[in-house]
Amino acid sequence: MERWDVVVVGGGPAGAAAALSARETGASVLVLDRADFPRDKVCGDGIAPEALDVLAGLGVDVAALVAGYAPAPRLSLRSPGGAVVERATHRPSSVVPREVFDARVLAAALDRGAAFRRHAVRSVTPGPDGVDVDGVLRAGVLVAADGAESVVRRAVGLPRNRDDRMAVALRGYAPELPGQAGTQVLVTTEQRWPAYAWSFPLGDGRANVGYGELVSGGATRAALVEGLTRLLPGSWAGGEPEGLRAHRLPLSTGRPRQPDGRVLLAGDAASLINPMTGEGIFYAVLS
């Protein structure tokens, strides 16, 4: 049986940050993910400055993480009644496609000495002296950073969030809205509340656009598309946004207990999505 001090399931921001942190102790670290990197991830692509602070504290060159993408120093928020507030935020956010950002953070962990292997985890068996993974690996500690549909979370007997503590969002890429440069746009709505649409500029004339609401609202793909077109009609000016995909978001209102023993949950697997904003990356790297 192959043995590692720490095995991290999932190579996204939560898993890569866990690997970076564990490597600081000198532990042997293996990161497992079902996909090779770079890979796409359904997300708004907004990186809060506080998330970069956490990664900087782990010794990562954060300028390299966001290189090539212009900062977004302003936020525009529209209320359900139509009132709009726009101003500079205390610190600029960054908007970097997760296909790029996640690969850069994982690369930083590998540069620090963590190992990576493409492997889809199917079974996890915790024991007093370690955690067996698929009968071939033994981890002193297993970190479950395998996202909203966490296999590890289910394996240790913790169910997924209830529908009223789970959101679902549709994301695509479209041209920036007129006059949007450098401004993250959020549009809230009373219909199917709580729900909102967003447009986050990448700095190259394109924006990450999307719409999300609670799963318990009965959201279908058609309803998500309707919400996006209703709240951000300008995002369809060049036709349907590219890469429209949906993904579930486990909200922190349904946060599970940490399991006993040598398994730890991190990021989306621990239901750490902010229920007000949908923010997840900061909480993922912090956890």
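In this predicted model, four aromatic pairs are counted when ring centres must lie within 6.5 Å of each other. One of them joins W198 and F200: the ring centres are 6.4 Å apart and the planes meet at 40°, so this pair is tilted rather than stacked or edge-to-face. Both partners sit away from the surface, as W198 is buried and F200 is buried too.

β12 takes its place in an open sheet of eight strands with mixed pairing, whose order reads β3-β5-β4-β11-β12-β13-β10-β14. At the edges lie β3 (46–47) and β14, each of which pairs on one side only. Helix α2, spanning residues 49–57, packs on this sheet and touches β3 and β5, with its direction at about 20° to that of β5. Within the sheet, β4 and β5 (residues 84–95) run antiparallel and are joined by seven bridges.

Which residues of α6 are buried? They are A223, L224, G227, L228 and L231. These residues cover an arc of only 135° around the axis, and therefore fall on the same side of α6. The strands against which the buried residues of α6 pack include β10 (166–175), β11 (183–189) and β13 (206–214), along with β14 (242–250).

Another set of pairings involves strand β1, which covers residues 2–9. β1 pairs with β9 (residues 137–144) in the parallel sense, over seven bridges, and here R3 stands opposite R138 of β9. β1 also pairs in the parallel sense with β2 (residues 29–33), this time over four bridges. In that pairing, V8 has V31 of β2 as its bridge partner. How is the unit made by β1, helix α1 and β2 handed? With α1 formed by residues 13–23, the three elements make a right-handed β-α-β unit.

Methods:
Residues numbered from 1 in each chain as written. Predicted model: local features only at pLDDT ≥ 70, side-chain atom pairs only at ≥ 80, totals over all residues. Heavy atoms only, no water. Phe/Tyr/Trp six-rings, centres within 6.5 Å; stacked < 30°, edge-to-face > 60°. Buried < 20%, exposed > 50% of the residue type's maximum accessible area, 1.4 Å probe, protein only. Pairing = 2+ DSSP bridges. Helix = DSSP H or I, 4+ residues; strand = E, 2+ residues; numbered from the N terminus. Right-handed = clockwise from strand over helix to strand, strands pointing away. Arc of directions from axis to C-beta. Contact = heavy atoms within 4.5 Å. Axes fitted to C-alpha atoms, helices over the stretch in contact; angles between N-to-C directions.
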